[in-house]
Amino acid sequence: MAFVKRTVSPISRLLACARALHSTPPRSADKSYQFVVCGGGAGGLAVGASIARKFGPGKLAVIEPSEFHYYQPMWTLVGAGAKTLEQSRRPTAKVMPPQADWLKTAVTEFHPEKNTVVTADGQRVSYDYLIVGLGLQVNFNQIKGLPEALERPDSCVVSNYSPKTVTKTWDNLKSFKGGNAIFTFPPMPIKCPGAPQKIMYLADDYWRKNGVRDQTKITFNTSLGVIFAVKKYAERLLQVVAKKGIEVNYKRKMIEVLPDKKEAVFEVLEEDRTETYPYDFLHATPPMGPLDFMQGQPIADQAGWVDIDKLTLQHKQFPNIFGIGDCTNMPTSRTAAACAAESAILKKNLFAVVKGEDPKANYDGYTSCPLITGYGKTILAEFDFDALPLETFPFDQGKERVSMYYLKKDIMPELYWNGLLKGLWGGPATLRKTLHLGASS
């Protein structure tokens, strides 16, 4: 198979040399497969399940070190007491495609010109086609004092962005007796950009129902300049925060937590100053980024994201490599819904390339964020690359609806476990066209 050579910058050359000093020289592969999937998250398993079903045993390896697989979109509801952590978790062995070989280790190096990856346990695995779905990295340690505050049971600092911390959110939400409650939003990109608001609205609802909201000031400090990227939904959310009496401060990036003083320090972006806020409850959304080892890898861009064509999901330099989900430089919101829609396009294009054809299916950037605004209320935001609504149902999804809450709470988990992870759900495009009487979207 022919490959397109990439132009290598001096910095990339230095990084490559550094990696070479700490890795063994390339040798013949220990294992060889027609397909290798790196990452057993939503995107990797959605594609892997279809590959295994289509090509049978012995053709596919999935490289994934984790003992458990989590349905992370459920963590908002776990943090609000509407679901349990156990409901969001299943053993990886139970969700792995049965005809795939599971290599229970992590990828550490990519050698795309040799069609080989290297794993943490020293294996060299060769492939004809590679699908990369490694996810992203949650960087709690980029905020001074935050990791320590999360570990302290008396800190009143919580986060829904880890299985190790999400249950602490519910514990503190229940025990809160009033005061200053702060919810944060870091610089993009992050996964599920609606989640920092969802837990805030649920907390507001819970505290109202339990008689402490009148003694509480809720503040949303976001590093962004808008409350939401899509104008239609932003307008509706501004109505929600006004109705709930929530203060919103823009261009505020949390840089330090002082748990002994119960204070949070924010940089005011585009201004040379900081602000310090006292808190009695602090929900922290941490910065996120590519996995550390991806910096300087030959399949990554300068920031460390897998460098793919946003329409076809094919790698820009190596045509037998595809990327999916949070690990890529795809310019859309990182959500499970985006993974589903991406998986449908990726599979069409991958199977075309296997047959010697050009990839022709194009991704429209579809992503979705069910914006929970209270127990029993949800705005179902769906949109495309251009931040324009791309709604499935033939009614105004910008309105808070009970039906959309139960879609999020009860139906979407079933779609995830029994549809997406089995390669049987590629997003709502067909349903959307049907409900809109075949009209082009």
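The charged end of Lys-54 sits over the ring of Phe-351, at 5.1 Å from the ring centre. A charge counts as over a ring if NZ of Lys or CZ of Arg is within 6 Å of the ring centre and within 35 degrees of the ring normal. Arg-89 likewise lies over the face of Phe-68, with 5.1 Å to the ring centre. The model is predicted: local features need pLDDT of at least 70, side-chain atom pairs count only at pLDDT 80 or more, and totals for chains, interfaces and linings use all residues. Residues are numbered from 1 along each chain as its sequence is written, and side-chain values use heavy atoms, with hydrogens and water left out.

Aromatic pairs were assigned next. A pair of aromatic rings is described by the distance of the centres and the angle of the planes. Rings of Phe, Tyr and Trp (its six-membered ring) pair if their centres lie within 6.5 Å; planes under 30 degrees apart count as stacked, over 60 as edge-to-face and the rest as tilted. The count by this rule is 19 aromatic pairs. One of them joins Phe-55 and Phe-351, a tilted pair with 5.9 Å centre to centre and 55 degrees between the planes. The pair links distant parts of the chain, 296 residues apart: Phe-55 belongs to helix α2 (residues 42–55) and Phe-351 to helix α9 (residues 336–354). Helices (H or I, at least four residues) and strands (E, at least two) are DSSP runs, numbered from the N terminus. Phe-55 is partly exposed, with a relative accessible area of 25%. Phe-351 counts as buried at 16% relative accessibility. Here buried means under 20% relative accessible area, exposed over 50%, and partly exposed in between (1.4 Å probe, protein chains only).

Tyr-363 and Phe-385 form an edge-to-face aromatic pair, at 5.4 Å centre to centre and 75 degrees between the planes. This pair also links distant parts of the chain, 22 residues apart. Tyr-363 is in the loop between α9 and β20, and Phe-385 is in the loop between β21 and α10 (402–418). Tyr-363 counts as buried at 3% relative accessibility. Phe-385 is buried as well, with a relative accessible area of 18%. Phe-35, Phe-55, Tyr-129 and Phe-351 form one aromatic cluster.

Helix α8 was examined for length and burial. It has 14 residues (231–244), which at 1.5 Å a residue should span 20 Å; the end C-alpha atoms are 20 Å apart, which agrees. The expected span is 1.5 Å times one less than the number of residues. Tyr-233, Ala-234, Leu-237, Val-240, Val-241 and Lys-244 of α8 are buried. Seen down the axis, the buried residues of α8 fall within an arc of 115 degrees, so they line one face of the helix. The arc is that of the directions from the helix axis to the C-beta atoms. An α-helix has 3.6 residues a turn, so residues three or four places apart point the same way. Lys-231, Gln-239, Ala-242 and Lys-243 are exposed on the other side of α8. The cover over the buried residues of α8 includes α7 (195–209), β13 (247–249), β20 (367–374) and β21 (377–383). Gly-245 follows α8 and has a positive phi, near 75 degrees.

Side chains of opposite charge can pair when their charged atoms come close. A salt bridge is a side-chain nitrogen of Lys or Arg within 4 Å of a carboxyl oxygen of Asp or Glu. The count is 21 salt bridges. Arg-213 forms one with Asp-204, with the closest N and O atoms 2.6 Å apart. Both Arg-213 and Asp-204 are buried. Asp-204, Arg-208, Arg-213 and Lys-244 are linked in a network of salt bridges.

Glu-270 forms a salt bridge with Lys-251, with 3.2 Å between the closest N and O atoms. Glu-270 lies in the loop between β15 (263–268) and β16 (273–278), and Lys-251 in the loop between β13 and β14 (252–258), so the pair ties together parts that are 19 residues apart in sequence. Glu-270 is exposed, with a relative accessible area of 72%. Lys-251 counts as partly exposed at 27%.

Phe-393 lies in the loop between β21 and α10. Neighbours within four places in sequence aside, Phe-393 is in contact (heavy atoms within 4.5 Å) with Leu-380, Met-404, Leu-407, Leu-435 and His-436.
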